[in-house]
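Welcome! Here is a set of exercises to work through with the structure beside you. Try each task before you read its solution.

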Amino acid sequence: MLLEFVPVEEFYFVLTLAVRTLEELEKPGLVEQVRSRLLVECGQPSTVAPGKQNTFNYVFHVQGIDNSPASGLVVSISDWQDKLRLSSDYGWTLDPERKPIRTEKYTQRSYFAQQLRSHLQLWLQLPFNS
């Protein structure tokens, strides 16, 4: 798995209605640790929300994971109400009317979430166990 950071200038063109929450991790200090590590690794977030519920969102193109029939794969790492939220369009695609529909891979979302969590744990050198 390879994550390619999406800067704020490209953010609008990457996220789609198919990006849905994979899981939320609640562990004291985890949100701040992840925010700090992502700031070091990627710089400024893909988007910054000026609220208490959500203050950052880092978006990545994912390489090395099959998400067919969708043409690509996106992951979002953000905070939401003091929890770390991992979201992705894995197992979703957009129909011709641009409405999200589930694909055959939808049933594998929990396995993909585990893969993502493991990758982030190694990359960011942080404990992601919930």
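For sorting residues by class, Ala, Val, Leu, Ile, Met, Phe, Trp, Tyr, Cys and Pro count as nonpolar, Asp, Glu, Lys and Arg as charged, and the others, Gly among them, as polar. The model is predicted, so local features need pLDDT of at least 70 and side-chain atom pairs count only at pLDDT 80 or more, while totals for chains, interfaces and linings use all residues. Residues are numbered from 1 along each chain as its sequence is written, and side-chain values use heavy atoms, with hydrogens and water left out.

**Exercise 1. The largest pocket**

Task: Find the volume of the largest pocket, and describe its lining by class.

Solution. Start with the term: on a 1 Å grid over the protein atoms alone, a pocket is an open set of points where a 1.4 Å probe fits, with protein on both sides within 12 Å along at least five of seven lines, and lining residues have an atom within 4 Å of a point. Points are joined across faces, edges and corners, and the volume is the space filled by probe spheres set on them.

- Step 1: the volume of the largest pocket is about 310 Å³.
- Step 2: its lining has 21 residues, and Ala70, Ser71, Gly72, Leu73 and Asp89 lie nearest the centre.
- Step 3: by class, nine lining residues are nonpolar, nine are polar and three are charged.
- Step 4: strands E3 and E6 (92-94) each supply at least two residues of the lining. Strands (E, at least two residues) and helices (H or I, at least four) are DSSP runs, numbered from the N terminus.

**Exercise 2. Strand E4 and its partners**

Task: Work out which strands pair with E4, and why E4 is called largely enclosed.

Solution. Two strands pair if DSSP finds at least two bridges between them.

- Step 1: on one side of the search, strand E3 (residues 57-63) pairs with E4 in the antiparallel sense, over five bridges. Here Val59 stands opposite Ser76 of E4.
- Step 2: E4 also pairs with strand E5 (residues 83-88), again antiparallel, over six bridges. In E5, Ser87 is the bridge partner of Ser76.
- Step 3: check burial, where buried means under 20% relative accessible area, exposed over 50%, and partly exposed in between (1.4 Å probe, protein chains only). Six of the seven residues of E4 (residues 74-80) are buried, so the strand is largely enclosed by the rest of the structure.

**Exercise 3. The nonpolar cores**

Task: Say how many residues the largest nonpolar core has, and which elements supply it.

Solution. A nonpolar core is a set of buried Ala, Val, Leu, Ile, Met, Phe, Trp, Tyr and Cys residues joined through side-chain atoms within 4.5 Å.

- Step 1: the largest core has 26 residues, and Val34, Leu38, Ile77, Leu84 and Phe128 have the most contacts inside it.
- Step 2: strand E2 (20-25), helix H2 (30-42), E3, E4, E5 and helix H3 (109-124) each supply at least two residues of this core.
- Step 3: another core, of five residues, lies apart from the largest one and includes Val6, Val19, Val59 and Val74.
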